[in-house]
Each structure stands twice: as C-alpha cells, then as structure tokens.
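Dear colleague,

I am passing on the structure below, followed by some notes on what turned up in it. Please look through it before reading on.

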Amino acid sequence: MRVRGDGARLGAAELGARPGERATLVQFSSAFCRPCAATRRILADVASMVDGVAHVEVDAESNLGLVRALGIEKTPTVLVLDATGRIARQAAGLPRKADVIAALGAVL
C-alpha cells in the first residue's frame, strides 16, 4: 500500500457512514467489480478483529466527486484512515489480508 502525502482527511460527511474510533478501512467499489466482493470480505474480517476499526464501502459510481478528488482510478481501491480521518495508506486491486493487517497496524 502506498502512502499519500497530501494529508487528505475524510469524515462521515464524505464517507456517508461513521468512521471508526481508531481507524477506518475504506473500500471504493463498483457494481460489476468481481474483486470487490472478496475485498469486502477481507476488510470486514480485519475490521471485526480490532476494536475501534470500521469498514466503510463507498460506491464509486455514486460518488464521482469524491473519486475524482482522491484520484481513484479503479475498483477496488482501499484507503486506510487513521483516527483523525487522514489517509495513511492507499492501494488498488484485491488486497492480501496480511497487507491490510500490516497497513492497519501502521496507523494504530
């Protein structure tokens, strides 16, 4: 997962859901994205293992303004937000569970 250096922050207003108290796993998905379903399972599983971590899925097609603002180019794209909503990590494509856990560990 690459680190974003622009300091962007996302909150409930941008995500359409309440972020986690300690961290948030944000998934940008689209309706016909096959890897998005597997990504959903991985992120939900990781979020359930750690108190204060939420998994939020954002429909990329319904949120084009946010997608463009963040430079999201494909789905699935996963963002790891710290407790303040700052984007700490970003990766596109189907993530490995171990990589998600490592990225999450870096922000906790």
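Cys33 has a relative accessibility of 13% and therefore counts as buried, where buried means under 20% relative accessible area, exposed over 50% and partly exposed in between (1.4 Å probe, protein chains only). This is a predicted model, in which local features need pLDDT of at least 70 and side-chain atom pairs count only at pLDDT 80 or more, while totals for chains, interfaces and linings use all residues. Residues are numbered from 1 along each chain as its sequence is written, and side-chain values use heavy atoms, with hydrogens and water left out.

Cys36 is also buried, at a relative accessible area of 1%, and a disulfide joins Cys33 to Cys36 with an S to S distance of 2.2 Å; a disulfide here is a pair of cysteine sulfur atoms within 2.5 Å. A search of the whole structure finds one disulfide, and because the torsion about the S-S bond of Cys33 and Cys36 is about 90 degrees, that disulfide is right-handed.

Cys36 belongs to helix 2, where Ala38, Thr39, Ile42, Leu43, Val46 and Ala47 are buried as well. These residues lie on the same side of helix 2, because they cover an arc of only 165 degrees around the axis, taken from the directions from the helix axis to the C-beta atoms. The face turned away from that buried side carries the exposed residues Arg34, Arg41 and Ser48.

Conventions:
Helices (H or I, at least four residues) and strands (E, at least two) are DSSP runs, numbered from the N terminus.
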